[in-house]
Amino acid sequence: MSTTPEHGSQQSRPQTSAQANEALRAFVRAHGDRPWTRTELAELDRLWALWRAAGQAGVSTAA
């Protein structure tokens, strides 16, 4: 889905948990109430991975 800037971009810079969370929320909001395609699910999975990585980075930074 190309309505969000996150789609298709392989972001190399670290994100905060809040930024990653907002990217996920924006993608799901833009998707709407319709079935997910394989491509959209792959992008959703990528965004979840960024969110998890941001969360883990925050935990290791705090420790």
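## Surface and overall make-up

Accessible areas come from the Shrake-Rupley method with a 1.4 Å probe, and for residues only the protein chains shown count as cover. By that method the accessible surface of the protein chain comes to about 4400 Å², with 58% belonging to carbon and sulfur atoms. The model is predicted, so local features need pLDDT of at least 70 and side-chain atom pairs count only at pLDDT 80 or more, while totals for chains, interfaces and linings use all residues. Residues are numbered from 1 along each chain as its sequence is written, and side-chain values use heavy atoms, with hydrogens and water left out.

The secondary structure consists of two helices and zero strands, where helices (H or I, at least four residues) and strands (E, at least two) are DSSP runs numbered from the N terminus.

## Nonpolar core

Ala23, Leu24, Phe27, Leu44 and Leu47 form the largest nonpolar core, a set of buried nonpolar residues joined through side-chain atoms within 4.5 Å. Helix 1 and helix 2 (38-62) each give two or more residues to this core, and the largest share, three residues, comes from helix 1.

## Nonpolar surface patch

Val28, Trp36 and Leu41 make up a nonpolar patch on the surface, with about 240 Å² of accessible area together; patch residues have over 30% relative accessible area and no salt bridge, and nonpolar side chains are joined within 5 Å. Val28 lies in helix 1 (residues 17-31), and counts as partly exposed because its relative accessibility is 40%.

Definitions and conventions:
Patches are made of residues with over 30% relative accessible area and no salt bridge: like charges are joined within 9 Å, nonpolar side chains (Val, Leu, Ile, Met, Phe, Trp, Tyr) within 5 Å. A salt bridge is a side-chain nitrogen of Lys or Arg within 4 Å of a carboxyl oxygen of Asp or Glu. Buried means under 20% relative accessible area, exposed over 50%, partly exposed in between (1.4 Å probe, protein chains only).
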